[in-house]
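Subject: Handover of a structure and what was found in it

Dear colleague,

I am passing on to you the structure shown below. Please keep it open while you read the notes that follow.

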Amino acid sequence: MKIGIIGNYGHNNNGDEAILTGILKQLIEELSIPNEDIIVFSNNPKDTEQRYGVKAVPIFHRKGPLLFSIMKTLKENYFIMRKLDAIIVGGGGILMDLYKWDGPLYATLGLLGHYAGCKVIVYGVGVGPIETKLGAFFIKQLSQKAFCISVRDEQSKRLLQALGVKRDIYVIGDPALYLAAPNEKKESRFVQKVAVTAVPYYNGKYWPTSNEQKYANYVTGMAKNLDQLIEKKNVTVTFFSTKYPQDVQVTKDIASRMKHSDRVTIIDENLHPNDIVSICASHDLVIGTRLHSLILAVVAKTPIIGVGYHPKVHHFLTFIRQTDRYVSVEELGMEPTSFVQIVEKMEKNWLDIQRETIQIAEQMREKAGEGIELLRLMGEKHVR
């Protein structure tokens with residue numbers, strides 16, 4: 001069986017690369033699909049091939065004006081898909097239109113696979129926000145034509161249902177939760193080492209709409225909260241990135257506004273998912289703005305605090321029943337002791353929380369593993 005995978009791959013976003021790592025692990029190790037029978041539609045095919053040892057092709061072909069690029073993309077990818085048996089669309093937050101063209105692009109490619117004769121599996125995706133009629137139209141069309149649909153949280157399921165999708169929608173764990181965990185997580189007596197991720201929230205160099213005041217408020221709020229954590233709890237802070245190099249500049253901006261920057265280390269590297277898991281495992285706590293820093297921290301069996309720059313962060317904490325460890329971006333700017341308050345509450349039962357996190361990691365890996373049975377359906381009763 002020949003399988004194609006469509007998602008936000010080859011963009012130096014190692015949260016998305018963690019998703020692809022998880023999907024490939026499921027296909028190759030659990031379903032015994034040979035590497036040579038897998039094709040990834042990637043923004044950087046050469047990098048994807050080097051990382052994973054599978055074939056990769058461009059997800060989008062640029063040729064002059066946008067219309068010409070779209071036509072060439074559809075033509076080139078259609079002929080590739082005609083040779084495939086199944087297409088996996090996912091995972092990650094790709095069915096949204098915060099970035100205007102993401103939802104329509106991925107949905108159109110999924111629909112193209114359907115019309116090319118493939119079984120299309122929408123797999124472990126996050127849905128929303130959906131704010132345009134165009135995005136809603138294409139996402140609904142894909143959902144209606146797909147062979148099977150699974151999402152990574154209940155809120156995504158409800159959003160598809162609100163669009164009028166009337167069919168079974170399965171909720172599974174994010175595929176990145178299927179990554180290999182460290183053999184042993186050492187317990188600590190209290191929080192000493194804190195790892196942190198940040199995101200260019202409303203920064204014009206990255207965000208779809210620029211609002212430098214919101215960006216400044218976010219950076220200042222993070223700086224004040226981390227300073228308070230250092231002062232009150234005597235911790236050290238290590239910044240790392242899942243989106244490279246964009247997130248590194250944010251961490252430098254935050255550190256430059258901190259009084260205790262001498263207690264801060266910034267990892268200025270393009271970290272692969274397994275490296276991120278190792279970093280999380282070597283710390284007592286991860287404070288994550290990026291969703292997949294939180295997901296990979298759970299893989300590493302490390303307790304987390306989530307910073308809500310996007311609804312998906314709250315969705316994930318709801319999924320693992322830890323909304324008491326959630327801080328909104330707005331709250332950061334108004335309350336400089338938000339992190340301290342949560343950490344002090346956690347430390348009252350710190351050993352229990354660490355052991356609970358190990359249990360959550362095991363449960364979430366099982367939840368991600370539920371998707372394997374959905375993938376197994378690709379090979380059953382296949383008719384071209």
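At 38% relative accessibility, Lys2 counts as partly exposed. Here, buried means under 20% relative accessible area, exposed means over 50%, and partly exposed lies in between (1.4 Å probe, protein chains only). Please note that this is a predicted model, in which local features need a pLDDT of at least 70 and side-chain atom pairs count only at pLDDT 80 or more, while totals for chains, interfaces and linings use all residues. Residues are numbered from 1 along each chain as its sequence is written, and side-chain values use heavy atoms, with hydrogens and water left out.

Salt bridges

Lys2 has a partner in Asp37: their side chains meet in a salt bridge, 3.0 Å from N to O. The term stands for a side-chain nitrogen of Lys or Arg within 4 Å of a carboxyl oxygen of Asp or Glu. Lys2 belongs to the segment before β1 (3-6) and Asp37 to the loop between α1 (14-30) and β2 (38-42), so the pair ties together parts that are 35 residues apart in sequence. The helix and strand labels refer to DSSP runs numbered from the N terminus (helices: H or I, at least four residues; strands: E, at least two).

In total, the structure holds 13 salt bridges. Another of them joins Glu29 to Lys25, with the closest N and O atoms 3.1 Å apart. These residues are four apart in helix α1, which means that about one helical turn separates them. Glu29 is exposed at 52% relative accessible area, whereas Lys25 is buried at 17%. A further salt bridge links Lys72 and Glu76, whose closest N and O atoms are 3.3 Å apart. Lys72 and Glu76 are also separated by about one helical turn, because they are four residues apart in helix α3 (residues 66-81). Lys72 is partly exposed at 28%, and Glu76 is partly exposed at 31%.

The two sheets

Strands of a sheet pair through backbone hydrogen bonds, either parallel or antiparallel. In this model, seven strands form an open sheet with parallel pairing, in the order β3-β2-β1-β4-β5-β6-β7. Two strands are taken to pair if DSSP finds at least two bridges between them. The edges are held by β3 (55-58) and β7 (170-171); each has a single partner strand, so one side of each is left without a neighbour in the sheet. Strand β7 pairs with β6 (residues 148-151) in the parallel sense over two bridges, and Tyr170 in β7 is the bridge partner of Ser150.

Two helices lie across this part of the sheet. Helix α6 (residues 154-162) lies across β5 (119-127), β6 and β7, and runs at about 115° to β5. Helix α14 (residues 350-376) lies across β4 (86-95), β5, β6 and β7, at about 160° to β5. For these angles, axes are lines fitted to C-alpha atoms, for helices over the stretch in contact, and the values run from 0 to 180 degrees between N-to-C directions. Contact means heavy atoms within 4.5 Å.

Another open sheet has six strands in the order β10-β9-β8-β11-β12-β13, again with parallel pairing. Its edge strands are β10 (264-266) and β13 (326-328), each with a single partner, so one side of each has no neighbour in the sheet. From one strand to the next, the twist averages 20°. Strand β12 (residues 304-308) runs parallel to β13 and is joined to it by three bridges; in β13, Ser328 is the bridge partner of Gly308.

The nonpolar core

In soluble globular proteins, nonpolar side chains tend to be buried together. Which residues have the most contacts inside the largest nonpolar core? They are Ile5, Leu27, Tyr218, Ile254, Ile287 and Phe339, in a core of 129 residues. Helix α14 gives the most to this core, with nine residues. The core draws at least three residues from each of domain 1 (3-178 + 364-379) and domain 2 (193-348). A nonpolar core is a set of buried Ala, Val, Leu, Ile, Met, Phe, Trp, Tyr and Cys residues joined through side-chain atoms within 4.5 Å, and domain bounds come from an automatic or database domain assignment. Leaving aside residues up to four places away in sequence, Ile287 touches several residues, including Val194, Leu226, Ile305 and Phe339.

Yours sincerely,
A colleague
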